[in-house]
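Subject: Handover of a structure

Dear colleague,

Please find the structure below for your records. My notes on what was found in it follow directly after.

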Amino acid sequence: MKGDRVEIVVDAGDTTRTYEVVASRAGRRVETAVRRGVVEVSEVTRSGSVVRTARFMATRVLALVEQPVPRVDASERPLGEDPKA
């Protein structure tokens, strides 16, 4: 979903570096995978085509923070709230 983002903090020797992968357009999402010692964060379209990918060695990744855009869903409405309002 547009606005979803993943923040990756990586050990760069004597310092840390922070990278962000953001779903830049409507209908795109950000997917995260850990395979064979590599952390892979990809921006993906609705059809499943990968737009861009960021890869990091898993041993160097200090933090991986997924920050989804808040979604308003009818099923998540607080109790007592009028649905017609």
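In this predicted model, strand S1 (residues 5-11) and strand S2 (residues 16-22) run antiparallel and are joined by seven bridges. Strands here are DSSP runs of E with at least two residues, while helices are runs of H or I with at least four residues, and both are numbered from the N terminus. Two strands are said to pair if DSSP finds at least two bridges between them. Within this pair, Val6 stands opposite Val21 in S2. S1 and S2 form a hairpin with four residues between them, and Gly13, in the turn, has a positive phi of about 85°.

Before you read further, please note the conventions. Residues are numbered from 1 along each chain as its sequence is written, and side-chain values use heavy atoms, with hydrogens and water left out. Since the model is predicted, local features need pLDDT of at least 70 and side-chain atom pairs count only at pLDDT 80 or more, whereas totals for chains, interfaces and linings use all residues.

There is also an open sheet of three strands, in the order S3-S4-S5, with antiparallel pairing. Its edge strands are S3 (29-35) and S5 (50-57), each of which pairs on one side only. From one strand to the next, the twist averages 20°; axes are lines fitted to C-alpha atoms (for helices over the stretch in contact), and angles run from 0 to 180 degrees between N-to-C directions. S3 is joined to strand S4 (residues 38-44) by seven bridges, and Glu40 in S4 is the bridge partner of Ala33. Seven bridges also join S4 to S5. These two strands form a hairpin with five residues between them, and Gly48 in that turn has a positive phi of about 100°.

Ser42, in strand S4, deserves a separate paragraph. Is Ser42 buried or exposed? Ser42 is buried, because its relative accessible area is 7% and buried means under 20% (exposed is over 50%, partly exposed in between, with a 1.4 Å probe and protein chains only). Ser42 stands opposite Thr53 in S5, and a polar contact of 3.2 Å joins their side chains. A polar contact is a pair of N or O atoms within 3.5 Å; within protein, one must be able to donate a hydrogen and the other to accept it, and residues adjacent in sequence count only if both atoms are side-chain atoms. Leaving aside residues up to four places away in sequence, Ser42 touches several residues, including Arg29, Val30 and Val50; contact means heavy atoms within 4.5 Å.

Arg60 lies in the loop between S5 and strand S6 (61-67). Arg60 counts as partly exposed because its relative accessibility is 39%. Not counting residues up to four places away in sequence, Arg60 touches Val9, Val10 and Asp11.

The largest nonpolar core has eleven residues, among them Val6, Val21, Val39 and Phe56. Such a core is a set of buried Ala, Val, Leu, Ile, Met, Phe, Trp, Tyr and Cys residues joined through side-chain atoms within 4.5 Å. S1 provides the largest share of this core, three residues.

Finally, the mean pLDDT of the protein is 85, and 81% of its residues reach 70 or more; pLDDT is the predictor's confidence in each residue, from 0 to 100. Among the elements, S4 has the highest mean pLDDT (94) and S6 the lowest (91).

Yours sincerely
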